Each structure stands twice: as structure tokens, then as C-alpha cells.
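Biologist: I am new to this structure. Could you take me through it in short steps?

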Amino acid sequence: MKQKEKGTIIAVTGGPGLKKRLETLSIRKGAEITKVSAQVMRGPIIVQVVNTQVAIGFGMAKKIMVEVEKESNIERSAVSS
Amino acid sequence: MKKILLLGNPNVGKSVIFTRLTGTYVVASNYPGTTVEFTKGYMNLKGEKVEVIDVPGIYSLEPVSKAEEVAVDMLKEGDLVINVVDATKLERSLNLTLQLLKQNVPVVIALNLWDEAGHCGIIIEVDKLEEILGVPVVPTCALTGEGMRNLILRLKEAKANTYLKSDQERWTEIGKIIHQVQKVTHRHHTFSEKLGDASIRPITGIFIAGLVLFISFQVIRFIGESLIKYFFEPVFNILWTPLMLKLSLILNPGSFIHKILIGELFKGEINYTASFGLLTTGLFVPLAMVLPYIFAFYLVLSFMEDSGYLPRLGILVDNIMHTVGLHGLAVIPMFLGLGCNVPGVLATRILEGKRERFIALTLMAIAVPCMSQIALIIGLIGKYGPFGLGIVFGTLFIVWLVLGFLLNLILKGESPEIFVEIPPYRWPYIGVLLKKLGLRTADFIFHGVPWVLFGVFLVNILYIFKVIKFVGQIASPVITGFFGLPKETVAALIMGFLRKDIAVGMLLPLNLTMHQSIVASVVLAMYFPCLATFTMMIRELGVKDTIKSVFVMLVTVLIVGTALNLILSWSP
């Protein structure tokens with residue numbers, strides 16, 4: 001997922017603990033997510049979900065899979081990449 | 001007595017509502033996790049005295065941090081819950097609300113930040129929401145006090161067990177509710193949002209961080225210096241000195257009581273940094289040297305807290321914090337520690353695990369000097385120009401970094417990742433900010449100054465009974481041999497167990513060289529926390545880990561103090 005892109009979360013590939021934790025800030029399957037910015041050197045990723053900005057560690061962001069609709073195709077990737 | 005709990009997500013304004021209901025002021029800021037333990041207060045409800053409890057913010061009834069556990073435990077004791085909800089983030093808040101409505105406790109919902117929701121173009125149909133949830137929903141704006149009367153009036157309508165749906169269906173249910181009650185109108189990005197984005201992008205963010213820190217530093221210095229030069233020093237010199245000289249004549253110099261109250265006279269004159277009487281140095285140091293900087297620091301800190309900048313700074317320095325085994329949010333306790341280590345220690349509760357808290361507390365106790373101490377270090381070394389101060393604070397920073405790196409390497413486990421909601425920028429509400437500043441300044445005057453006075457008294461007694469001379473003889477191999485300091489500095493080190501500001505103050509009359517002043521300041525900052533911080537550390541870490549932490553401090557100070565002494569004696 002690139003910066004400024006908007007996508008839909010298709011899966012959170014982590015344990016139930018992580019899923020629950022992300023869920024508390026509305027980061028869950030089916031939610032719309034926008035990547036606001038990313039820090040250098042695998043630093044935190046900042047995303048916007050609903051109208052809240054959330055900073056997520058790089059490792060956690062790797063586990064959030066999103067689908068981004070492009071003009072011709074649908075691209076699937078992790079939030080961190 | 002009936003108990004009312006204020007429960008809700010972090011950073012929705014529970015503490016502000018608490019202050020409104022009870023008149024008991026508690027610190028509120030614009031970042032998640034300001035309240036880490038619960039605060040009790042009382043209010044009058046139709047002639048009945050009820051207890052109101054401000055609970056740390058939680059996202060769900062399944063806790064992840066220590067602060068959240070505290071909150072969930074409290075729920076069992078409540079007779080009524082005011083669920084404080086952020087109207088701008090209704091969807092997310094409803095997760096907790098629906099869980100609460102399944103508990104066996106009556107609930108009223110305060111739809112707080114109602115004004116901000118309006119500004120964001122969010123329209124919520126309150127009546128419909130009330131109908132769906134089956135409990136009163138009251139729009140409030142706690143900062144200005146709007147809706148508070150209505151909230152109190154409707155407490156009696158609170159109901160329990162109104163929304164029984166299974167946990168699996170919860171998010172689907174929330175989706176349905178949102179669809180029915182909320183409309184969001186489109187609007188353009190505001191300036192504060194653009195600024196918000198810029199301050200968390202790597203390049204612009206670091207530039208902004210540098211600018212913010214530089215300005216903060218200059219403002220603190222300017223206010224602190226000006227208050228001292230144009231207010232406190234003239235007050236002492238013009239008004240207080242003549243009074244003290246008269247008292248000195250009455251008491252008769254040389255008498256025991258004169259020694260305690262006025263201290264020593266130099267050529268018949270009072271020297272506020274050297275006389276060391278209760279009414280001379282004992283008042284001058286805390287009021288004319290420390291207080292101005294405390295005031296200036298908390299003014300700037302409160303502004304940073306309330307604007308919402310601190311968590312953003314945390315995100316920018318997340319990588320650096322990981323090298324010391326912490327994550328970015330740990331800048332918040334460190335910043336608070338710069339004011340006073342005691343609230344700093346408490347604030348480490350926002351960190352997830354025991355390991356992080358141990359590292360954060362140890363680093364804070366060793367390498368984060370409090371404002372009282374900094375003010376005195378400026379008084380001691382500032383006269384040599386910025387170079388000396390640079391060495392002192394540079395050394396402390398390097399120690400912080402290297403020691404943190406080593407602790408992270410040695411201690412088992414790894415540092416958890418940052419996961420935090422970024423609050424929107426808010427223009428600090430001036431009344432609230434001033435109240436917070438007033439409270440913190442008063443805390444120093446009423447809790448700090450008496451300890452300084454007690455310290456000055458104790459020093460005099462210890463001198464008179466020659467205890468300090470005795471300990472000085474015993475400790476001289478380390479103090480003179482390793483650190484290159486005169487024997488007399490031992491008095492300061494003894495006092496440092498009690499309070500760091502007066503300890504540095506005791507170095508002032510010793511006529512140390514610049515080199516010695518630098519080593520002494522660093523050693524005093526590092527070797528042991530002051531009594532108040534130490535007590536707090538035991539409370540938060542337990543005895544065993546505190547002993548470990550103290551061991552780390554003693555080893556570090558021996559190495560760093562000796563090395564610094566050697567380096568400074570070699571250089572020209």
C-alpha cells in the first residue's frame with residue numbers, strides 16, 4: 001500500500017490478541033483505511049480509519065492486509081509495504 | 001455511599017467532566033493515557049453526597065495495559081456509569097458502550113466533544129440513538145460546561161441491561177446504528193489537519209520537532225531568566241535582605257538559632273547562596289532560583305500536552321526509543337520527568353510491560369534531571385557559558401542512550417510496538433491550561449519548598465554535630481580519588497538522597513572549578529533518585545526491581561563520574 005492510498009482491509013493475519021487490539025480502534029476486516037504517512041527505517045505507519053489517525057508499529061502494519069482498487073485492477077498488499 | 005464511575009475511551013474528556021461534576025481538579029491533557037490511576041471526588045446529588053470516580057480510559061472491557069486493568073476492576077464497584085463518548089468518534093466508542101450495556105450496571109451516556117463534532121461536519125440524531133440504546137444520551141461540551149446540568153438531571157433515568165446482543169454481532173450492530181443516527185457532511189481539510197499531517201511525515205516532522213523543541217527551550221529560558229532577574233532577585237535584595245539583617249541583630253550572630261535561621265554572614269552581609277540559613281538560602285533557592293523555571297517549564301509542557309503534540313513527537317522518535325528498548329510513547333513520561341520525576345514515574349504506566357517500565361524508570365532516575373535540579377545546575381555552571389552546560393546535559397543524554405541500549409540488550413524480551421491513536425490538534429483552552437499550570441506550581445510550593453527547608457535544617461544539624469565531616473572522611477577515596485572532587489561535596493551527596501535542588505545548591509559556596517562543577521552536577525544527577533522519586537519507584541516496581549535499578553545507578557555513576565573526571569583533566 002502506498003502513501004495517500006485508500007483501501008479496504010481484507011484480513012488481519014495475527015493472533016486473536018492483536019486482532020482484538022486493532023479492533024478497538026476500528027481496524028478490522030471490511031474497514032476502509034488510508035495510509036497517511038510512514039516513518040523511515042521501518043518506523044511506525046500512520047493510517048486513518050473512519051476519522052481517527054492511528055500510529056501502528058511496522059511489524060503490526062505488516063499483518064494488516066488491504067485491497068486497493070486501481071483503475072484496471074485490484075492490488076493486494078500489507079499496509080506496511 | 002453511591003459510586004458513579006466515569007468510563008470511556010482514552011482522551012474523550014473524562015477528567016474534564018470529573019472536574020466539572022466534583023470541583024476537584026485533575027490533570028487533563030490532549031493525549032490518550034493522561035489518567036493512569038483513578039481519582040475520587042464528591043458531588044451533591046439532590047442533597048445526597050455521592051462519590052464520583054475518574055477512571056483511566058479503556059477501549060474495551062478486555063484490558064491490555066495496567067492502566068486498563070485498573071479501569072475494568074473498578075466496574076464491579078460502581079452503582080452508576082457515565083459512559084463518556086467522543087461524538088467525533090461515535091463508531092469506535094460504541095464498541096465499549098455496547099459491552100457496558102450488557103453489564104449489570106445502570107448507564108448514562110455523555111456525548112462529549114459535541115461542539116467539535118459540529119465543526120467536523122458530523123451530525124448525530126441524539127433522540128434516535130437514545131431510543132436504540134435504551135439509555136439517556138446527553139450531548140455535552142465539558143470544556144465550556146455546556147450540557148453538564150442536563151447530564152446531572154438525567155442521571156436518575158440510567159438503566160442497565162438494555163442492549164443484549166452477542167459479541168460476534170457487535171461490529172455489525174455498530175454499523176447499523178451508525179447508519180441510522182449519524183450523517184457526515186463533506187468538508188475540506190483544515191489548516192490544523194494539514195499541520196497535523198506535516199508533523200508526522202519524516203522530513204517535515206523532524207524539522208517541526210526541532211523547531212518546537214528549540215522554541216520551547218528559548219521560551220523556558222527567557223521566562224525563567226526574566227522572572228529571576230526582574231522580579232525575584234530584586235524582591236529578595238530590596239525587601240527581604242534588610243528584614244533579615246534586622247533579625248540577625250536581634251538573634252545575635254554566632255548563636256545556635258542564628259545559625260539555623262540566618263546562617264553564616266560574610267563580612268556582615270547575607271549571601272543567599274552561601275549563608276545556608278532557613279530564612280535565607282532555604283527560601284532563596286526554591287523561590288528565586290527554582291520556582292521561575294518550574295513555572296516556565298510547566299507553562300510550555302502544558303501547552304504541548306493540550307495541543308496534542310506529544311504523541312506526534314513520540315511517533316517521530318519511535319526508532320530511537322526502540323534502541324533503548326522502549327517505544328515512542330515513552331517520550332511522554334520522560335518529558336514529564338523533566339518537570340519532576342515523581343509524575344514521570346507514574347506516567348510510565350502507559351507502557352505495556354514490566355520490562356519497558358523497568359528500563360524507562362531506570363533511565364529516568366539516572367539521566368533525566370528534574371527542573372529543580374536543572375535550575376540549580378544552570379545557577380552553578382551557567383556562569384561559564386553554554387559550553388559547560390552542554391557537557392553536563394550531553395553526558396546525561398549519552399548515558400541515557402548507551403545505558404538504555406545495554407539494558408535492552410541484557411534484559412530478556414523485546415520492546416513492544418507502538419499502537420496509539422493520534423489526537424487531533426486542539427488549541428489549548430486557556431482557562432484549563434492556567435489551572436493546570438497553577439496546580440503544578442502550587443504543588444511545588446506546598447510540597448517541594450517544605451522539603452527544601454527541611455533539607456537546609458538537616459544540613460545545619462549534620463554540620464553542627466560533625467556528621468558530614470565524618471562521612472566525608474570515609475567517602476573521600478571515591479569522591480576525591482575517582483571523581484576529583486573536594487571532600488566537602490559529600491554533604492551535597494548526602495542531601496541528594498533527600499532533594500536534588502538543594503544538593504546542587506550546596507555546591508555553590510564551595511568555589512569549585514568548572515571541571516569539578518561539571519563532574520559534581522553529573523554525579524548528583526545520576527547516583528540516586530531523590531526520596532520522593534525513590535518511594536514512587538518502590539511503589540511502581542516493587543522492592544526487588546528497585547534494588548536492581550539502584551545497583552545499575554551506582555555502577556553507572558562510578559564509571560561515568562570517573563571517566564568524565566579523567567577526560568576533563570586531560571583536556572586543556
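Biologist: In which sense, parallel or antiparallel, do S5(B) and strand S7 (residues 137-139) of chain B pair?

Modeller: Keep in mind that this is a predicted model. Within this pairing, B:Leu111 stands opposite B:Pro139 in S7(B). Three bridges link S5(B) and S7(B), and the sense is parallel.

Biologist: Which residue in S5(B) stands opposite B:Val84?

Modeller: Strand S4 (residues 80-86) of chain B is joined to S5(B) by six bridges, and the two run parallel. In S5(B), the residue opposite B:Val84 is B:Ala110.

Biologist: Through which helix does the chain cross from S4(B) to S5(B)?

Modeller: S4(B) and S5(B) run parallel. The β-α-β crossover between them is right-handed. The chain makes it through helix H3 (residues 90-100) of chain B.

Biologist: Why is strand S5 (residues 107-112) of chain B largely enclosed by the rest of the structure?

Modeller: Take its faces in turn. On one side, B:Val107, B:Ile109 and B:Leu111 are buried. On the other, B:Val108, B:Ala110 and B:Asn112 are buried too. S5(B) is largely enclosed because the count of buried residues is six of the six.

Biologist: How many Å separate the centres of domain 1 of chain B and domain 2 of chain B?

Modeller: The domain assignment of chain B gives domain 1 as 3-184 and domain 2 as 202-570. The centres are taken over C-alpha atoms, and their separation is 39 Å.

Biologist: How many residues of domain 2 of chain B are in contact with domain 1 of chain B?

Modeller: Domain 1 of chain B supplies 14 residues to this contact. That side divides into eight nonpolar, five polar and one charged. From domain 2 of chain B, the number in contact is 21.

Biologist: Now the two chains. Which element gives the most to the side of chain A that touches chain B?

Modeller: In this contact, 24 residues of chain A meet 26 residues of chain B. Helix H1 (16-24), strand S2 (32-38), strand S4 (52-56) and helix H2 (58-62) of chain A each supply at least two residues of the chain A side. By class, that side has 11 nonpolar, 10 polar and three charged residues. With five residues, the element that gives the most is S4(A).

Biologist: Which residue in S11(B) is the bridge partner of A:Ala55?

Modeller: S4(A) is joined to strand S11 (residues 419-422) of chain B by four bridges. These strands run antiparallel. In S11(B), the partner of A:Ala55 is B:Val420.

Notes. Residues numbered from 1 in each chain as written. Chains lettered and ligands numbered in written order. Predicted model: local features only at pLDDT ≥ 70, side-chain atom pairs only at ≥ 80, totals over all residues. Contact = placed C-beta atoms within 7 Å. Nonpolar A, V, L, I, M, F, W, Y, C, P; charged D, E, K, R; others polar. Pairing = 2+ DSSP bridges. Domains from an automatic or database assignment. Buried ≥ 20, exposed ≤ 12 C-beta atoms within 10 Å, placed from the backbone. Right-handed = clockwise from strand over helix to strand, strands pointing away.
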